[in-house]
Amino acid sequence: MATLARLQGRASIIENQYYFRNSFVDKFRKRENDAAIKIQSWFRGCKVRAYLRYLHKQVTIIQKWWRGYVGRKKYQLLVKIAYYTMKMNFYNAMAVRIQRRWRGYKIRKYCFNYFYLKEYLRAVSETNDAIREALKEFAEMKEREEKKAELEREEKQRDHQARKMHYLLSTKQLPGIYNSPFSKEPDPWELRLQKAKPLTHRRPKARQKHSISLHSWLACTSTRSFPRSEVLPPINRKQCQGPFRDITEVLQQRYKPLEPTLRAAEPMNTLKEAREDLRRDESMRNINNNMFLPFSSYHKNKNYLPLIHSSSKYGPDSCGHQHFRDENPKKWISDKDFQTVLPSFDLFSRCGKLYSKAGQIV
Amino acid sequence: MAAAFRFRSVARETRLHTGASVPSRVAAAVARSAGCLQGRAGCGAMSQRQVLQVFEQYQKARTQFVQMVAELATRPQNIETLQNAGVMALLRPLLLDVVPTIQQTAALALGRLANYNDDLAEAVVKGDILPQLVYSLAEQNRFYKKAAAFVLRAVGKHSPQLAQAIVDCGALDTLVICLEDFDPGVKEAAAWALGYIARHNAELSQAVVDAGAVPLLVLCIQEPEVALKRIAASALSDIAKHSPELAQTVVDAGAIAHLAQMILNPDAKLKRQVLSALSQIAKHSVDLAEMVVEAEIFPVVLTCLKDKDDYVKKNACTLIREIAKHTPELSQLIVNAGGVAAVIDCVGSCKGNTRLPGVMMLGYVAAHSENLAMAVIISKGVPQLCICLSEEPEDHIKAAAAWALGQIGRHTPEHARAVAVTNTLPVLLSLYMSAESSEDLQVKSKKAIKNILQKCTYLPALEPFLYDAPPNILKHVVGQFSKVLPHDSKARRLFVTSGGLKKVQEIKAEPGSLLQEYINSINNCYPEEIVRYYSPGYSDTLLQRVDSYQPLT
């Protein structure tokens, strides 16, 4: 019973203690549970993270390889394109060089020859100078001729004047006008007068009958030149014809073309002409006018006429068919023909051995 | 006795006066039977003589009238009076007169009247005189033929209608018959008349050719008389000028060889006609020109270019021009024969309208190809054309010279440089801008400037254009600068120092237009500072900057 009293005395404490001990454990339990949970969760988290890390690493490796692969492919493509471009540029540059040379050559050879043009222009300018010279000479020559003709005309005129003025010549008694005693020398006209033959009066020409020939049209209009009729024409002369028909009608009638009848328009010998035509046609086509005789007995008595070509003594020429050279044995120096000699090989001459006697080391 | 003496003297008188058979027989009969037949025979002789005297007086009067009219008709001041006095109506019956000399003088007078003006010529046609003339042309003597041909020529020369009237009355056949006459004067008159008829138009020429005149004219050319040769050559020239078929007819009659021979003849007027005939033949087609050239006229024709007579020179230049204008080969032939130099000298020695064919010939030759243009340049053609352009007073010659210069300069930069060096471009520009020039001259000078500028790379000649030119030409000038400046450093320097860059900056151009592009390409040739320095208003902007600048203190 003591225990029970003790227990009962401790009962409230036991209660409290029981409660406290239980709740204390609970408190700790919660704390520990929480701690355990925390630890577990942390650990789980670590596990998962480690797994994820592992996954990431693997994925990185895969991606790395994949990206490397794809990049390399692109790079190779780039390199290929760059190489191709480089090649094409090179080819183009070379092609441009070829084309440049070719175009220059073509233009210079076939289209435009610069030096020829220069030469041509020089020749043209030389011709021009020559022509200018020639024309200048021609003009000068013409001028000289004209001046000469002018001088001659003047000379002739002065001569004529001197002949007309012959009476002004000075005589022994009396000096003439041009021979003044006060001047040292006589005037040149004086000398001219001395040289001139005096002009005689024109003798009256015998009056000829009126001739029809006159030198100019104006002479015809002067009164004296008209040939007058001797007697007046009779009064009852035939009247002048008129009024006139229209000139076109007259000409039409005069120049009307011939309109023969049908019978006259046909030529008479059409039949003969047709026959001639036919004969000509046939003879054009036929080589042999003889009638064809089928059996050889018909030709028995006929002699065979060979071709002229084969029956002449000159015969068909064998030159050009059988042999092609004209040979004249009389002109040959020796009777032997040419010998074919092979030249030596350089190789064998190095070795000292020769195939033929020609080229032997002397 | 006294009566017999009187009758005998009368008989002698009548014999002296007339001398023909009938009255002398009458007088002889009178003298024989003087004693017995006093009254009756004497009276018959006397009245018959008086009657005949009346007729004689009438004839004398007619002759005198017609000769006076013919002489008065030579002076132009009398012709009006004659016309008002009704001379046509009086002359017409005299053409049908029985006395041949009166006929001839009447025809001559009619010819002179009709020659003066076309009213009188029409009056001749309307008065139905032509059929009678034509009819009697075939039968009368040569004086009448000459006079009648003169009338036909005088009528036919005024207008095509009158010439057609002559053709309608059938005069062509008779004129052609006259061409076969022996007398050279008749041939000349007939050929002249045919030439004047054929001059007007192609139908009349064709009518003349159909009448068979051409072979006879070619025969006339070969005659020794110079006047006849002249007229025949001029008639052939008038026939051939209308159409290629007519020219071919003339050529087929073998005219070219004879005409070519006559180029050497010393007579100036003949040479004029011959050269004119050859040029009328050659102008129609290439074949005809080649035929003329084959007659070996080069280089003989070039001597005609040095002749004293201006018209011979002009016609020779015309002939060469007509040959040169067809094909480049013919031009080349002329150049190879030295023709260009001769023509240039000829152009230098002539003045006025006689220069025109020469100038045109140079233009045609240069137009064909650049080699020929270069040949013209080295023959010293360009200075001559410039002289022509500046000296000549007439606009059409200036226009021709401008056109020729344009043809020379348009081929390559070398050619344009050759033209620009002679300082013609300012002259052309002034002609284009001046208000007095005719429209044709303005158009041609503008085209010439444009053609030359598009190829010109000679910058000293282009610079004046920057200052004076109107906008449409300025565009081309600036374009040329923009082509040359990017490649030539010396030119760039010169451009700046001469003030050209400054001027270019001052040009106002619409943005996006061709002019603006050219200006931009010029500005790209220079560093920016220089462009800005020369842009207008730069000094103002600098001053503004000075104003707005705050010093650092």
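B:Ala191 is buried in the predicted model, with a relative accessibility of 0%; buried denotes under 20% relative accessible area, exposed over 50%, and partly exposed the range in between, with a 1.4 Å probe and protein chains only. The residue B:Ala191 lies in helix 12 of chain B, which spans residues 184–198. Helices (H or I, at least four residues) and strands (E, at least two) are DSSP runs, numbered from the N terminus. Leaving aside residues up to four places away in sequence, B:Ala191 is in contact with B:Leu179, B:Leu217, B:Ile231 and B:Ala235, a contact being heavy atoms within 4.5 Å. The C-alpha atoms of B:Ala191 and B:Arg153 are 9.3 Å apart in space, while the two residues are 38 apart in sequence.

Residues are numbered from 1 along each chain as its sequence is written, and chains are lettered from A and ligands numbered from 1 in the order in which they are written. As the model is predicted, local features need pLDDT of at least 70 and side-chain atom pairs count only at pLDDT 80 or more, whereas totals for chains, interfaces and linings use all residues; side-chain values use heavy atoms, with hydrogens and water left out.

Chain B as a whole contains 37 helices and zero strands. Of its 553 residues, 51% are buried. Among contacts between residues of chain B at least 6 apart in sequence, 69% link residues at least 24 apart.

A pair of helices in chain B was examined next. Two packed helices are described by the angle between their axes and the distance between the axes. Helix 23 (residues 339–349) and helix 24 (residues 356–368) of chain B pack at an angle of about 145°, and their axes are 9 Å apart; axes are lines fitted to C-alpha atoms, for helices over the stretch in contact, and angles run from 0 to 180 degrees between N-to-C directions. On the side of helix 23 of chain B, B:Val340, B:Val343, B:Ile344 and B:Val347 take part, meeting B:Gly358, B:Val359, B:Met361 and B:Leu362 of helix 24 of chain B. Seven residues of this contact are nonpolar, one is polar and none is charged, where Ala, Val, Leu, Ile, Met, Phe, Trp, Tyr, Cys and Pro count as nonpolar, Asp, Glu, Lys and Arg as charged, and the others, Gly among them, as polar.

Chain B has an average pLDDT of 88, and 92% of the residues score at least 70. Over residues 1–5 of chain B, however, the pLDDT is below 50. Where pLDDT is low, the predicted coordinates should not be read in detail.

Notes. pLDDT is the predictor's confidence in each residue, from 0 to 100.
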